[in-house]
Amino acid sequence: MLKTVKARYLVLLACCAVGVAACGKSADEKRAVTPLTDTGGLLQYVPADTPYVFGILAPPPAEFLDRIEPKLDRLLAAYSRMLGAAFAEAEVDSEDLEKIRTVVAEVRALMSLDGLAGAGVTPASTAVLYGNGLLPVLRVTLTDANLFDDAITRIEVAAGEQLPVAAVNDTPYRFVEDEGVRAILATVGDQLVLTIAPAGLDEAALASLLGLTPPAKNIAQTGELQAIADEYGYLHEYVGLVDTVRLVGTFIEEPAGLDALLLEMAGYDATALSGICKAEFKSLAAVAPRIVTGYEEVSAEKVRSHAAIELRDDIASEFVTFVSPVPGLGTIYDGLFAFGMSLRIQAVRSFFDRHVAALQEDPWECERLSELQDGLLAARDQALAQPVPPVVYDFKGFLAIVNELQGFDPATGQPPEAIDASLLLAIDNAQGLLALGQALVPQLAELGIEPDGKAHSFQLPDAGSGTRQAWVALADSAIALSVSDDAETLLPALLGADSGSPPPFLSMGLDGKQYYSFLGDAMRASDDEEMSEEMRKAVSDILAAAAEFYERLAVDVTFTGRGIEIDSDMSLAD
């Protein structure tokens, strides 16, 4: 722990915490304006060539806010308690103790919906995080900028020290400067603006960064985000983008504007890159040119989101071959937890070998890539020297389903008295795997198991869990085990179940309330000496509050012709 704490840094940290908490017509008819094409909204401040942008451009639906606001208040209260516990553990000089106590009290007073509303921030506030070049800018709409300024002033008074103030185009801003970097906080109109910039920026550059001077062309005018929303089916209010090609271009082309000063401060000289290095870096960036994200549904019942790491067409088509259907994988189950994956090891190995062999035939010429290239070639040689057993190539994936852990109490360390769970292994030579199991468990050899999906019962050795009876079933390309009470009917259905379409690479689902409750109980019972009892209780309170948010959470990762796609589905609790 730090022995002393500078008041101005506490003030700035408080400011950042407040900012983050906010967080078919005919051809000749004009297209309807959406938040993604509204040149008078928050996107008017985002340069057209920004390398990254994430926007919450309209308030969530009223029914969604009605559902989450009471839970959000409890979560903020839990974070407030954690902040209090952190202060209690901090080692500070006695002369600073009362000052810091007062600052913490002011910050904790903000950590509720009423407290935030008193600072001009509400759950209906909109926000956008974007890059003005590489420099990050966060803009949050306020109900009243004076309320926010008053809240910061109260924190400054409590700290007994004011943040330095400067102005650009007659607009004042607070800042903290350290080692040539200036963290800036300003209220501009009805917006909070947080950004980080080199201390040496001139007035014109600062005006651009704070949005006082709008970009020559903004991203709303380009229609780029609207095109992403149309392609992926995103809501028009919540879309994000990371442009890998633009990011890489910043470092390999002659920098301009704000980036020029930033890279100069960092001692980076793009002109030192050779032409061949620039070409090869561009080629690598084009392998995964964009990351996009957005929401497909925000309602009183659920929040459904999506993200995609877009891949070059030929690479994406090869990734698709990495997976194969696994029965039941991608289905949403009702139990405590389900997790599974599909991976064709042979396809991954062939992909790696093929591309490294191509690299060996036509190596990179850029000296800055030589270490990476040597590592890839060495890894291929090592892989070739260690043949993979055939059974590994037979493996296609698995699915584990845990419906219930009866009597399990992580707070007391009580293990489950009984387990209701099933496991499916997808493998080409399923009968060979069964034969191995029969050699280890003689009972299995007596059952006459055929690849017909029929479930057979056998006794497990005593493992202290209270679960002795198990069931096994076999199909041509899968084997399944279960200790569920209804395994006799469950296993045939599981072996015959469809896989998700497209087949997931990874799939996970869980009961949100039980999951976070288990974590909270485990945290409360932990004997970690590095964390005080008060802090453990505060963290467990946060997890308990999180348990009230979600009924179920599900995530699927798939490989498609577009790239790596991630779908998240969160059902909200009553």
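**Entry 1: the disulfide**

I searched the whole structure for disulfides and found 1. This is a predicted model, so I am reading computed values throughout. The disulfide is formed by Cys-277 and Cys-366, with their sulfur atoms 2.0 Å apart. I checked its hand next: the S-S torsion is about 95°, so the disulfide is right-handed. Cys-277 sits in helix α11 (residues 275-285) and Cys-366 in the loop between α13 (345-361) and α14 (370-385), so the pair ties together parts 89 residues apart in sequence.

Are the two cysteines buried or exposed? Cys-277 is buried at 0% relative accessibility, and Cys-366 is buried too, at 1%.

**Entry 2: strand β3 and its partners**

I then turned to strand β3 (residues 135-141), where 6 of the 7 residues are buried, so the strand is largely enclosed by the rest of the structure. Which strands pair with β3? Strand β2 (residues 127-132) runs antiparallel to β3 and is joined to it by 6 bridges. I noted Ala-127 opposite Val-140 in β3. The β2-β3 hairpin has 2 residues between the strands, and Gly-133 there takes a positive phi near 70°.

Strand β7 (residues 191-198) also pairs with β3 in the antiparallel sense, over 5 bridges. In this pairing, Leu-138 has Leu-194 in β7 as its bridge partner.

**Entry 3: aromatic rings**

How many aromatic pairs does a search of the whole structure find? My search gave 13. One of them is Phe-322 with Phe-559, edge-to-face, at 6.2 Å centre to centre and 85° between the planes. Phe-322 lies in the loop between α12 (313-320) and β11 (337-342), and Phe-559 in strand β18 (residues 550-560), so this pair ties together parts 237 residues apart in sequence.

Phe-549 counts as buried, at 11% relative accessibility. Ring pairs also link Phe-319, Phe-322, Phe-351, Phe-505 and Phe-559 into a cluster.

**Entry 4: a patch on the surface**

Last, I went to the surface and found a nonpolar patch formed by Val-181, Ile-196 and Met-265, with about 240 Å² of accessible area together. Met-265 is in helix α10 (residues 257-265). I logged Met-265 as partly exposed, with a relative accessible area of 41%.

Methods: Residues are numbered from 1 along each chain as its sequence is written. This is a predicted model: local features need pLDDT of at least 70, side-chain atom pairs count only at pLDDT 80 or more; totals for chains, interfaces and linings use all residues. Side-chain values use heavy atoms; hydrogens and water are left out. Patches are made of residues with over 30% relative accessible area and no salt bridge: like charges are joined within 9 Å, nonpolar side chains (Val, Leu, Ile, Met, Phe, Trp, Tyr) within 5 Å. Accessible areas come from the Shrake-Rupley method with a 1.4 Å probe; for residues, only the protein chains shown count as cover. A salt bridge is a side-chain nitrogen of Lys or Arg within 4 Å of a carboxyl oxygen of Asp or Glu. Helices (H or I, at least four residues) and strands (E, at least two) are DSSP runs, numbered from the N terminus. Buried means under 20% relative accessible area, exposed over 50%, partly exposed in between (1.4 Å probe, protein chains only). A disulfide is a pair of cysteine sulfur atoms within 2.5 Å. Two strands pair if DSSP finds at least two bridges between them. Rings of Phe, Tyr and Trp (its six-membered ring) pair if their centres lie within 6.5 Å; planes under 30 degrees apart count as stacked, over 60 as edge-to-face and the rest as tilted.
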